[in-house]
Amino acid sequence: MIKEMMGLDAAEYKCPNCNADLKFDPTTQKLTCEYCMSSFTVEYIKSVCAKAENSITAAEQQAASDFEEHTSLFHCASCGADIMCDDQQTALFCYYCHNPVILAGKLTGEYKPDKVIGFKLTKEVATDKFKDWIRQRMFVPSGFKSQQQLEKITGLYVPFWVADCDIDADYCAMGKKIRTWTSGSYRYTETKEYRVVRKADVFTKGIPADGESKIDDQLMEAIEPFDYKELKDFSMSYLSGFFADKYDVDKAGVFPHIRDRAQKASRNVISASVTGYDAVIPSVNQHNILNTNWQYMMLPVWFMSYKYKDKVYEFAINGQTGKLAGTPPLDVRKLKLFCGGISAAVSVVLGLLFGGFLL
Amino acid sequence: MKKALTIILKYIIAIVALIFLAGLVVRIRPVKGNLRVPFDSRFNFSELYDTADLFDSTQEKELRKEIIACSEELEMNIIVYINDVYRSDEEVEDFTANYYDRCAGEEYTDGVIMYIDISSNAYDYLSCSGKAGIIYGGKIEDIFDYYAAKRPSSQYAPDPEKFCETVTHFCNAMRKFNDNYEQADFAYEKDEENGIYFFNYKGKFYVTDYSAPGSRRIRLECIFILGLVLYTILYLSIKKKYKFKDKTNPSIYVANGQTNFKEKSDTFIRVYTTKHKIESSSSGGGHRSGGGHSGGHVGGGRHF
């Protein structure tokens, strides 16, 4: 068997999770991915490959060709962002750093998304939401609330890798039920111990990870979820009036993030099934991702960034649900003045009352 | 690390500045209400009261001379009271202060009374009034340490000769600690029971039922530090709201109804019981109470 596998050109096989090349590990007798650390039996990989469809339909070929012909790519020389839009409009400024952008050419078909969710929120609604959000924050710099800044809110299709994961969950723990009572001058503690075993196939659907390194992952995570029921096949018409970002992080790059979230979701499923114990001590808690199905899609985000004291503050609104998130910049000088004023006023009042000035 | 050190340094500077500011603010308000009756010929009543008949007339005469000389030198009254009647410690404290004020005919006069107890209880007590409160009030323990060198123990029958030395030594103690007294504007002593403050502000002795500059400075320092704490709490709590904290729980992505449990078992392994003895706690204690005495005295005592 070993000889057979050593003779096999294992690089022909791609990791079902991150698409990197798999290599045969003679010690474990498994195919392992050096990139995402997944490992699979040879039989499993062969069965996955047998199911794979390699053919591309004529309609898909046509869509890729349209995408190549009707998209323009603009490049920001300042921050390196690549912005795409349809060939009917021109991007003048970078959505991220607000510097002018230059036309960089056309995009190849590999950047064509599979799916898209169109914008449901208008710019006016997005602006109002931002105004409401900022109203509760007294200590942002004045410039952050200005009309000029509000006009910088950009409708942006953010490239997302969306993954469905099949997870093999293996959990074993010691569960304890504790009962105490008092008799005479003694306190008794009865401990019942149980062996808790959970083995399950857990499926996660549609965990997204943005493929743009410039946009903060946490920010995009915060405006989730998107309603995938409204997913449509990508068409150039969705880009009209909006900009789109070209991904610069591929599947393999986002996989660790996806894996963490999928494993966390799986752990939550298992934890929810372990109930009735006063203490649980896990000895095995493994959540292996066996297979990942990917989709590349564009999701709608109203995006704004603000540069303050050499730091870029990002603000985003889910263009479909209206959920918003962001890090407001803090004008420390304003805050110090406010806190100093309050503290000084309290000190003066206390000083007059208890400092011997009114006595 | 460097940032944390900078913040700590800033706070130290702020605290020092606030302490300095508290001192400045206190000086704005003039000191008022001086109850002190300064020592002069009208209020000169230094005396030796030998109620135990310990000394003969010659000894008494010599000691009286020494007490008056010391009194005039220190510009305060000195009363030495020799006692052989049993009194409890609390009774001694009240009796001493009241006896002094009875001799003076007035409260808050400058002076001290030394109660020397030759009974078996032997609780000697020094009570200070007027300017003596600020000069000796904070040094009572040191004075007794010095005084103890010539104070015979109560284990032996009282020897008049030795007690003559004790009284003389006490007068020397008064001189020594008066000479060592260093004026400080914010130093003060307080008669807690009557709320009377003793202090020397800008070279003038005060006895007052208004707060002393030193006590007001301490209160102001506390208020300012409280202000600094309030500033810090406000600053940090508001700053916290400017941090990014939203997160979406990935559990929302678990496909509903598709989780397939291949094994789901809870197998009982064992049971065991432990027992601990409950420690019974009992509390006890006592309390100390004392009767009231006339106001404006600070003092302390020691058993011999």
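**Helices of chain B**

Student: Which residues of helix α5 (residues 140-147) of chain B are buried?

Tutor: This is a predicted model, in which local features need pLDDT of at least 70, side-chain atom pairs count only at pLDDT 80 or more, and totals for chains, interfaces and linings use all residues. Residues are numbered from 1 along each chain as its sequence is written, while chains are lettered from A and ligands numbered from 1 in the order in which they are written. Helices (H or I, at least four residues) and strands (E, at least two) are DSSP runs numbered from the N terminus, and a residue is buried if 20 or more other C-beta atoms, placed from the backbone, lie within 10 Å of its own, exposed if 12 or fewer, and partly exposed in between. In α5(B), the buried residues are B:Ile140, B:Ile143 and B:Tyr147.

Student: Why do the buried residues of α5(B) line one face of the helix?

Tutor: The arc is taken over the directions from the helix axis to the C-beta atoms. The face turned away from the buried side carries the exposed B:Glu141 and B:Asp145. The buried residues line one face because, seen down the axis of α5(B), they fall within an arc of 60°.

Student: What arc do the buried residues of α2(B) cover?

Tutor: In α2(B), B:Leu63, B:Ile67, B:Cys70, B:Ser71 and B:Leu74 are buried. These residues lie on the same side of α2(B), as they cover an arc of only 100°.

Student: Which elements of chain B do the buried residues of α2(B) pack against?

Tutor: On the other side of α2(B), B:Ser57, B:Thr58, B:Lys61 and B:Lys65 are exposed. Contact requires C-beta atoms, placed from the backbone, within 7 Å. The buried residues of α2(B) pack against β1 (47-50), β2 (77-83) and α6 (160-179).

Student: How are α2(B) and α6(B) oriented to each other?

Tutor: Their axes come within 10 Å and cross at roughly 5°; axes are lines fitted to C-alpha atoms, for helices over the stretch in contact, with angles from 0 to 180 degrees between N-to-C directions. Angles under 35 degrees count as roughly parallel, over 145 as roughly antiparallel, 65 to 115 as roughly perpendicular and the rest as oblique. The two helices, α2(B) and α6(B), are therefore roughly parallel.

Student: How many residues of α1(B) are buried?

Tutor: Helix α1 (residues 2-28) of chain B has 27 residues. The helix α1(B) lies largely in the open, because the number of its residues that are buried is 2.

Methods. Two residues are in contact if their C-beta atoms, placed from the backbone, lie within 7 Å. The expected span of a helix is 1.5 Å times one less than its number of residues.
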